[in-house]
Amino acid sequence: MTIRRALATLTGLALLATSGCTADDRPDRTDDRRTLTVFAAASLTESFTAIGREFEANHPGVTVTFTFGGSSALATQITQGAPADVFAAAAPRNMTTVTDAGAAAGAPVVFARNQLVIAVPKGNPGRVRRLADLGRRGTKVAICAEQVPCGAAARAALDASGIELVPATLEQDVRGALAKVRLGEVDAALVYRTDARAAAEVDGIEFPESARAVNDYPIVALRDARDPATARAFVDLVTSARGAAVLTAAGFQPPAVL
Amino acid sequence: MTALRHLSTGRGPGRRVPAALLLPAALGLLLLVLPLVGLLLRTPWASLPERLTAPGVLTALRLSVQCATLATLLCLALGVPLAWLLARVEFPGRRVVRALVTVPLVLPPVVGGLALLLVFGRRGLLGGWLDDTLGVTLPFTTTGVVLAEAFVAMPFLVIAVEGALRAADIRYEEAAATLGAGRWTTFTHVTLPLVAPGVAAGAVLCWARALGEFGATITFAGNYPGRTQTMPLAVYLALETDLDAAIVLSLILLVVSVAILAGLRDRWLGSP
Amino acid sequence: MTAPLLDARLVVDRGAFRLDLPLRVGAGEVVALLGPNGAGKTTALRALAGLQPLTAGHVVVDGVDLDRPGHGRWVPPERRRVGVVFQDYLLFPHLSARDNVAFGPRRQGLDRRAARERATGWLERVGLAGYARRKPGQLSGGQAQRVALARALAVHPRVLLLDEPLAALDARTRLETRAQLHRHLSAHDGAALLVTHDPLDAVALADRLVIVEDGRLVQEGDAAAVTARPRTDYVARLVGLNLYRGHADGHRVRLADGVTLASVDRVDGDAFVVFPPAAVALHPHRPEGSPRNAWPATVAGLQRHGDHLRVQLTGALDVAADVSATAVAQWRLEPGQRVWAAVEASETRAYPA
């Protein structure tokens, strides 16, 4: 039973219980084929919204709807039957969840890379200049928990550079880490360059060790896509030079091998 | 007395349960229990022993129980007097204060945690002062976890105790006064024992809420194993990578809390 | 005469209701405060105990001001040495009978053991030595009442206040408890004030009655004086007399509604006339001969009253008459029937209003 069907059943029950209306009046039903649903990592919000608008302009009659969220949560939802046409993840590991479940149509393509930067509050009160500064006594640092991609990347970068660091907190996601930077509760956090760039009141400091922990963003059209051709067309736009331009403007880097 | 006897015999016309109540009651119970069944069905029983002994699990569990208990004690120490004030003292703006007490119930816990940061954080209203003069830092500390949990759970205690105080017969306190008891003695020797069941019920709710607290905790106290990572935080992070681990952690939390609550209920409320 | 132990003028305003009651009780004296519901009896008791501040007036015990709003004097209840037995006893449900009684002594500074000893002594005195460990929920009404009495007496109060101490008891328990209570009140050397609406309790337990209606003192005196010469309809009903007010001119009292009653008592000026219902004779026609007090009346109702029937009559005078069941049967008395009522002048009492 798909989540959508379950939802419809539940809604139907509720409607029957309250007003006796018919269960089946979802407005988008007839337009299913003209709607493209994209599940994408939260860090892609700005760039994919822009790419989606361009896609709609190129494909009259098609509406692109996005669900942005944590990559792993999205992957779980897809394997549990959520109605998505395209999936773009912030880490290959989350893509593997989907491909292993046989939910992908074809092989995923890496379309962008994201690198870590040191996010500091405006004015840099902790005077953090480089990665080694994070290991100083009295410097409070937030990194993501290792279970989420930004945390795995941060751990890889720290390990590679041999820096001993006891973070103040292991945040559940990039937004949590950024919020603590913005409030001044920590002196620094390791976040993606795109996130630091999008956040207000936060400065991003590049550091060479981040090259050891580059995060690949894969994208794939899904097996259960209602209109496979449209789904493939969206993937093509993202991986095109046009898509790369939008992504680069947001702070992403082009993939290692195109 | 006759009414009591009638109730306890369980016979007579008042005992039949109307279907109009029974059906929704059964559906309500199903709604509460079915997700539990879902958890149990998905539990990876084979790998359960090794997952239970995995490093970090016991640490998070111990921290959870400790913090929830400390938060409940804090709520008792502050919430019972607050409830007394609300129930027994007429003062201007009492309605507003009563509404304010319930704010943590309606506030998304994450916002509650953020609000706590704005007050007790490094750059917060009081946090800087606390840090400079007392050397007390709350964010990212176990104390911070306790504070966040107390913030979220306090309304449960205050509401329960205030209700019990309002229902209690104030004339017992008058009787105590005529026997020479001052207000404080009356409160400790008469009022508190009279509302003890209400206090116990409130404390149990408070503890349960604190135990399950997630949003305010991770926002205010962050997440670090052994220091601020309670079970709900561990569950949430486990969900990112390992569904089975998350289910096992939830199950532990569930079993421990149900066991403790059932045990306390017998002892405190003296009811089965 | 020395100053009474308790000297009070209780003035309490509560909304439209005003209590204004002078009250003096001597050492060892038991006074019953008698009155209908809502007369202000309980308010008076609460004012004495310090649970209700006075609007004006004073409460003085042993020459010490406990409450005198004019001078800003106020002693809180816990420092008054005023013991209260509440109407529904208010025994602390979480404490045993003994600990209920020991509660007061503990507050007076006795250690736990000494307080329990004193409590045990008091429980023995009220005949409940074997019930020390019972919780209030496990005591009968009469037992609870006695524990409440022991609890109030255990602090050696100068003033003992009892609010309807027997009202919650059934008839049989009430009789026993009343006798016991009488014993303890007689032994009490302080002042005792008993609030009740039951004249029987008042007469049985008190040396003096103070009758209050609508917040005012209406009559005061010992039981004999009050029962012989009621001054309000409420008191007359309590003691079972027909009472009328009028203007006397020697042996004749002219009532407000035009009827004149003759009495053997001689009074001049405003006067009350009373006679018992049993003194009223009913006649089918205007009686011939001696009774000078006769008037036509209509039967309004019949009620069994002991071994006879009480007939309520309306007409020139509203009056209660007691007749034998035989008379009712012979006459076939029924509501609406017209009769003549007559009272011998020798059966009436007249006294100044």
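Here, contact means heavy atoms within 4.5 Å. The model is predicted, so to speak of local features pLDDT must be at least 70, side-chain atom pairs count only at pLDDT 80 or more, and totals for chains, interfaces and linings use all residues. Residues are numbered from 1 along each chain as its sequence is written, chains are lettered from A in the order in which they are written, and side-chain values use heavy atoms, with hydrogens and water left out.

**Exercise 1.** Describe how chain B meets chain A.

Step 1: count residues. 21 residues of chain B touch 22 residues of chain A.

Step 2: get the buried area (accessible area, 1.4 Å probe, lost on putting two parts together, summed over both). The two chains bury about 2,000 Å², with 53% of it on carbon and sulfur atoms. On the chain B side, Arg122(B), Phe140(B) and Glu240(B) lose the most area, together 34% of what that side buries.

Step 3: look for salt bridges (side-chain nitrogen of Lys or Arg within 4 Å of a carboxyl oxygen of Asp or Glu). The rule finds one across this interface. Asp187(A) and Arg122(B) form a salt bridge at 2.7 Å, N to O.

**Exercise 2.** Work out the strand order of the open five-stranded sheet in chain A.

Step 1: strands are DSSP runs of at least two residues, and two of them pair if DSSP finds at least two bridges between them.

Step 2: read the order, E2-E1-E3-E10-E4, with mixed pairing. E2 (63-69) and E4 (104-114) of chain A are the edge strands.

Step 3: check one pair. E3(A) and E10(A) run antiparallel over three bridges, and Val86(A) has Ala221(A) as its bridge partner.

How values were computed. Helices (H or I, at least four residues) and strands (E, at least two) are DSSP runs, numbered from the N terminus.
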